[in-house]
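Have the structure open while you read, and look for each spot as it comes up.

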Amino acid sequence: MDLDGHPRVALGQWPTPLEDCRRLTEALGGPRILVKRDDVNGLGVGGNKLRKAEFLLGKALADGADTVITFGAVQTNHGRQTAAACARLGLRCELVLTKSVPMSGDAYERSGNIVLDDLYGAHVHLCDTPEQTGEVYDRIVADAAAEGRRTATVPVGGSNDVGVLGYVAAAAELRTQLAGTAVDRIVVAVGSAGTAAGLALGIHLLDWPVILDGACISHTTDESMADIRGLAGDTAALMGVTAGDLAHVRLSDDAVGPGYGIPTPRMWEALRLFARTEGITLDPVYSGKAAAALVAAVRGGTIGADETVVFIHTGGLPGLFAYAPELVRSRENQP
Ligand SMILES: *Cc1c(COP(=O)(O)O)cnc(C)c1O
């Protein structure tokens, strides 16, 4: 697999660590769990969006852009990592954020990612509705044009053909790092689906006999599978290859609970499990729900005690502080 022809800018520390989590394995009573630490890749508190940003911002620079515009929810990790990357590269960053999650209060609205966005120097635009988001975007583009600036627009989650290249590269990195250790499954959270699409395509291109278990945390499994197929196909076309049937991708949505960004008791339980066995901090929106799906699959027997599983830790630490009041309350409700 050759990614050399695609513009890329160095932002993270690679390879990220791959940790053999013995105490977590023991607590789960079986499957050997390895955690791929994409939460600690070096820039802007870390997380999965950095791999996408290396290609997205590499292209933006190659296209001569000086202003990057992107989107997300109020507590977007993608926006925060884009802001940090733009700071590093000397690019102007415009974050158009939509109040799409039914959470409120000081912690959610004034802590976590959104304070870091400002700290990294991004221009933050808060919008109440999708219509307003469109209007604000148009105004930012018009203002930039009037000032002679050149913009690059990055989609939600950095998920397009270019961003997905980051996780095609990650699949190759992981395979090399495993150095022959046989792995049955890779478990990852699925949001805007670029991470899963890149891993799925990378696994196919490496001819790697492993199952990709995606835990959907915002969309249904059908919608997510369509997103993964679309993105993997687009990225394959960009690379001049084909994506195959992606039969190694399995999706579940049993851990999402009432909806995107809404905490669940099982998520808090999984968060505590990782924290207390390994000192690993998951986030409440993505990695915590993916971990809850992993725990349920082990308990339900879908993942056998003799399997070896790589859990992709996609980051999201600042988001935990946005949910600090809920975390404290979940502790009080413990038996
Ligand atoms: C964005 C994000 C994900 C999901 O990645 P997608 O590529 O959008 O599916 C998972 N975990 C964290 C912490 C994220 O910020």
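A polar contact is a pair of N or O atoms within 3.5 Å. With that cut-off in hand, keep in mind that this is a predicted model. The main story here is the ligand: the space it takes is the largest pocket.

- A polar side-chain atom of Asn-77 sits 2.9 Å from an oxygen atom of the ligand.
- Asn-48 also brings in a polar side-chain atom, this time 3.0 Å from a ligand oxygen.
- With Gly-191, it's a backbone N or O atom that lies 2.8 Å from an oxygen atom of the ligand.
- How much of the ligand does the protein bury? On its own the ligand exposes 380 Å², and the protein buries 98% of that.

**The shell around the ligand**
- There are 16 residues around the ligand, and those that come nearest are Lys-49, Lys-52, Ser-192, Thr-195 and Thr-314.
- Sorted by class, the shell has 10 polar, 3 charged and 3 nonpolar residues.
- Why does the ligand lie between two domains? Domain 1 (18–47 + 159–332) and domain 2 (49–157) both give residues to the shell, so the ligand lies between them.

- Most peptide bonds are trans, and most residues other than glycine have a negative phi.
- The peptide bond from Trp-14 to Pro-15 is cis, with omega near -5°, and you'll find Pro-15 in the segment before β1 (18–20).
- Val-45 isn't a glycine, yet its phi is positive, near 70°; look for Val-45 in the loop between β2 (32–37) and α2.

Methods:
Residues are numbered from 1 along each chain as its sequence is written. This is a predicted model: local features need pLDDT of at least 70, side-chain atom pairs count only at pLDDT 80 or more; totals for chains, interfaces and linings use all residues. Side-chain values use heavy atoms; hydrogens and water are left out. A residue is near a molecule or strand if one of its heavy atoms lies within 4 Å of it. A polar contact is a pair of N or O atoms within 3.5 Å; within protein, one must be able to donate a hydrogen and the other to accept it, and residues adjacent in sequence count only if both atoms are side-chain atoms. Accessible areas come from the Shrake-Rupley method with a 1.4 Å probe; for residues, only the protein chains shown count as cover. On a 1 Å grid over the protein atoms alone, a cavity is a set of points where a 1.4 Å probe fits but cannot get out, and a pocket is an open set with protein on both sides within 12 Å along at least five of seven lines; lining residues have an atom within 4 Å of a point. A molecule sits in a cavity or pocket if more than half of its atoms lie within 2 Å of its grid points. Ala, Val, Leu, Ile, Met, Phe, Trp, Tyr, Cys and Pro count as nonpolar, Asp, Glu, Lys and Arg as charged, and the others, Gly among them, as polar. Domain bounds come from an automatic or database domain assignment. Helices (H or I, at least four residues) and strands (E, at least two) are DSSP runs, numbered from the N terminus.
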